[in-house]
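Welcome, and please take a moment to look over the model shown here. The briefing after it goes topic by topic.

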Amino acid sequence: MQPWSFAHITDIHVGSPKSFRFKPSCNENWHTAREQIIEINPDLLLVGGDVARDGSLHRYELAAVKQDLDALPLPYHVVPGNMDTGNKHTDVQGANHDRDDLALNLTSDNIKHWESVFGPSQWTFVHNNVRFSGFCDMTLGSGLPEEEPLWEWLESLTDQPRSQYHVWMMHSALFVDDLHEANWDITDPEGYHNWYFAIDEPHRSRLMQVFKATGANLVLSGHVHCRKTHFAEGIRFDIGPSTAFPQWGDRWPDGDDTLGFLKYDVSDDGIEYNFVPLEKVSERDDGYGPGGHPLPHLRDYSIAWEPGGEPTVRG
Ligand SMILES: [Fe+2]
């Protein structure tokens with residue numbers, strides 16, 4: 001194999017001045033990263049979700065990011081993030097009282113909304129003898145009509161002919177500390193973010209079976225906004241950094257929430273990991289609106305810098 005490279009960028013959170021909240025620094029950082037990717041000129045770009053600040057509410061945010069991605073001089077492949085669609089499912093409210101976790105559960109409409117802009121949220125293809133497969137992990141454990149077909153699709157990939165390497169991409173981390181950790185408790189203030197960022201059993205083990213049976217070498221995710229690598233049963237799990245804003249920098253001793261993206265060099269020797277920090281982090285500190293998952297009554301569109309940004313899916 002001739003050596004070649006691909007890039008993985010995630011949690012770019014591009015926002016809009018029509019929204020109830022806007023941080024121009026996130027958009028500036030995305031444009032910096034975009035220029036760096038064009039400069040590096042990888043064969044292809046993987047985009048790990050949370051492409052928009054509030055894509056689940058605003059189709060115009062998803063469409064604007066798609067326009068930026070379509071104009072890149074290289075192919076890209078994208079999976080949805082929870083802010084683009086909806087969160088991992090819960091049957092009970094969580095410990096964070098500033099949000100309504102039940103109302104944030106992923107819905108079928110969220111998936112349709114995303115797919116109406118970006119096309120199918122699950123895909124697999126082979127490039128230069130590397131198979132790449134991506135999907136919407138928030139569907140797993142949701143009980144939505146889309147869940148069983150997704151499992152069937154995931155498990156059907158075991159029948160595909162093997163390539164030299166198999167790279168998987170999802171938005172959430174498969175686990176936080178250990179493949180065999182207990183499910184985190186959404187009602188525990190200490191456990192909330194652990195719950196929020198990872199996949200629960202029994203779905204975690206079922207997914208791990210898929211990864212192993214399909215010859216996975218590398219599993220890429222985002223969501224956390226902190227760079228961290230785990231190994232489990234011979235598979236490398238890379239959580240990529242965000243370009244938008246850092247989070248959870250103190251969660252792991254070797255975690256690094258420096259903003260940037262990942263570049264991988266592929267050869268017969270393996271897939272080499274390189275962190276590419278943003279050349280320049282935006283110093284803009286203007287903008288408006290709340291962070292996190294604000295309750296609907298706290299989404300005030302009257303403070304938006306531009307008009308006409310009200311929700312297109314759920315309010
Ligand atoms: Fe994110």
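Predicted model: local features only at pLDDT ≥ 70, side-chain atom pairs only at ≥ 80, totals over all residues.

Helices (H or I, at least four residues) and strands (E, at least two) are DSSP runs, numbered from the N terminus. Residues are numbered from 1 along each chain as its sequence is written, and side-chain values use heavy atoms, leaving out hydrogens and water.

**The iron site**

- Asp11 (OD), His13 (NE2), Asp50 (OD) and His225 (NE2) coordinate the iron ion at 2.1 to 2.4 Å. Donors here are N, O and S atoms within 2.8 Å of the metal (3.2 Å for Na, K and Ca); water is not among the atoms, so sites may look incomplete.
- Along the chain, the donors of the iron ion are spaced as D-x1-H-x36-D-x174-H.
- His13 sits in the loop between strand 1 (4–9) and helix 1 (24–40), and Asp50 in the loop between strand 2 (44–47) and helix 2 (59–70), so this pair ties together parts that are 37 residues apart in sequence.
- The arrangement of the four donor atoms is irregular because they subtend angles of 87 to 175° around the iron ion. Four donors count as tetrahedral if all angles lie between 85 and 135 degrees; four count as square planar and six as octahedral if opposite donors are over 155 degrees apart and all others between 65 and 115; anything else is irregular.
- His13 and Asp50 are both buried (buried means under 20% relative accessible area, exposed over 50%, partly exposed in between, with a 1.4 Å probe and protein chains only).

**Helix 7**

- In helix 7 (residues 203–213), the buried residues are His203, Arg204, Leu207, Met208, Val210 and Phe211.
- Viewed down the axis of helix 7, these buried residues fall within an arc of 155°, so they line one face of the helix. The arc is that of the directions from the helix axis to the C-beta atoms.
- The packing partners of these buried residues are helix 5 (147–156), strand 6 (165–169), strand 7 (218–221), strand 8 (228–232) and strand 9 (235–239), where contact means heavy atoms within 4.5 Å.

- Six strands form an open sheet in the order 4-5-6-7-9-8, with mixed pairing. Two strands pair if DSSP finds at least two bridges between them.
- Strand 4 (123–127) and strand 8 are the edge strands, each pairing on one side only.
- Strand 7 and strand 9 run parallel and are joined by four bridges; Leu218 stands opposite Arg236 in strand 9.

**Backbone details**

- The peptide bond from Glu201 to Pro202 is cis, with omega near 10°.
- Asp50 has a phi near 55°, a positive value in a residue other than glycine, and its relative accessible area is 2%.
- Glu233, in the loop between strand 8 and strand 9, also has a positive phi, near 50°. Glu233 is partly exposed, with a relative accessible area of 44%.

**Around Ala232**

- Ala232 belongs to strand 8 and is buried, with a relative accessible area of 7%.
- Not counting residues up to four places away in sequence, Ala232 touches Phe175, Leu179, Met208 and Phe237.
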